[in-house]
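I opened this one to see how its parts pack together. My notes follow in the order I looked things up.

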Amino acid sequence: MTDGPDAVMIFAAGFGTRMGALTRECPKPLIEVAGKPLFDHALALVRDVAPRRIVANTHYRADRMEAHLAARGVTASPEPGEILDTGGGLKAALPLLGTGPVFTLNPDVIWRGPNPLRLLREAWDPARMDALLLGVPPDRARGRRGGGDFDIDDGGRARRGSGLIYGGAQILRTEGLADIADRVFSLNLLWDRMIGAQRLYLLEYPGMWCDVGRPEGIAMAEALLEEPNV
C-alpha cells in the first residue's frame, strides 16, 4: 500500500552453533549454498527492492564478516563486546538505518518463490501496522524442527500460535525500541507489545522456504533451489 522502507537490516552477528564444525572458523552467513554464501542469497533479495541503506550487524568472526560486507557495499554495525540479540542489535544500528520503518532479514534461510521483501512492501499499511511479518505454513517449510510461531485472525493480525512459522523477513516500525531499556533483548519483546496493541500483522508466503540452521539444511536448500519456481 506504500513504497515501504528504504532501509534493510540483515542479522549476521550470530554464532551459528547448530552448524557445529562448519562455523568453527566461518561465520554462518558465509556458509555456501549452491556455490554462494547465504549472505549473498539474502543480499540479492535486498538489492531487488533497491533500498537506500543496507546494514548488517557483526559479532562472531567479525573480521571475516566485515570484509565480506565492505566488498559488497554493505554497512557494518559492529557488536564488539557482547552479542546484542535481534532487538538490541537493531536498536544499536538505528543511527545507520534512520528513523523510518525498516525491513529486517535473516540470512540463514532460502526462499523459493516471490521475493519476500517485495510481498511485504506491497502489503505494508503503516496506518494499521507496527510490524508485518512473513509466515510460512509448515507444509511448505523444510529444515525446520518444531511447530509454528504464530496464528492469524481474519484481518491478518498475528497472535502467538502454531499455524505459521516466522520466515525471518519483516517490516518493522522501530519507535518502540526506545521504550525498552535493556541493551540485549530479542525482538520477541517488541512483538509481544505489538500483539497487545493489535498492531502486529502476518502475511502468508506463497512459495517454499528452507531453514539452513543445521548442516543437513544445506543439502535441503540446494535441492529446493533446483526445483521449478512457484
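This is a predicted model: local features need pLDDT of at least 70, side-chain atom pairs count only at pLDDT 80 or more; totals for chains, interfaces and linings use all residues.

Next I listed the residues being covered. Helix 5 spans residues 187–196, and Leu 187, Leu 190, Trp 191 and Met 194 are buried in it. I checked how they sit around the axis: their arc is only 100 degrees, so they are on the same side of helix 5. Just after helix 5, I found Gln 198 with a positive phi of about 60 degrees.

Trp 191 came up again when I turned to the rings. Ring pairs link Trp 191 with Phe 150 and Tyr 166 in a cluster.

I then went through the aromatic pairs, of which the structure holds 4. Phe 15 and Tyr 60 make a tilted one, at 5.6 Å centre to centre with 55 degrees between the planes. I looked up where the two rings come from. Phe 15 is in the loop between strand 1 (7–10) and strand 2 (32–33), while Tyr 60 is in the loop between strand 4 (53–58) and helix 2 (62–71), so the pair ties together parts 45 residues apart in sequence. Buried or partly exposed? Tyr 60 counts as buried at 17% relative accessibility, and Phe 15 counts as partly exposed at 38%.

Trp 111 and Tyr 205 were my next pair. Their ring centres are 4.8 Å apart and the planes stand at 75 degrees; over 60 counts as edge-to-face, so that is what I wrote down. This pair links distant parts of the chain, with Trp 111 in strand 7 and Tyr 205 in the loop between strand 13 and strand 14, 94 residues apart. Trp 111 is buried at 10% relative accessibility, and Tyr 205 is buried with a relative accessible area of 0%.

Ala 123 is found in helix 4 (residues 116–123) and, at 23% relative accessibility, counts as partly exposed.

In what order do the strands of the open sheet of 3 strands run? I read 7-14-9, with mixed pairing. Strand 7 (109–112) and strand 9 (141–142) are the edge strands, each pairing on one side only. Strand 9 and strand 14 (residues 208–211) run parallel and are joined by 2 bridges. I noted Trp 209 in strand 14 as the bridge partner of Ala 141.

Note on methods:
Residues are numbered from 1 along each chain as its sequence is written. Side-chain values use heavy atoms; hydrogens and water are left out. Buried means under 20% relative accessible area, exposed over 50%, partly exposed in between (1.4 Å probe, protein chains only). Helices (H or I, at least four residues) and strands (E, at least two) are DSSP runs, numbered from the N terminus. The arc is that of the directions from the helix axis to the C-beta atoms. Two strands pair if DSSP finds at least two bridges between them. Rings of Phe, Tyr and Trp (its six-membered ring) pair if their centres lie within 6.5 Å; planes under 30 degrees apart count as stacked, over 60 as edge-to-face and the rest as tilted.
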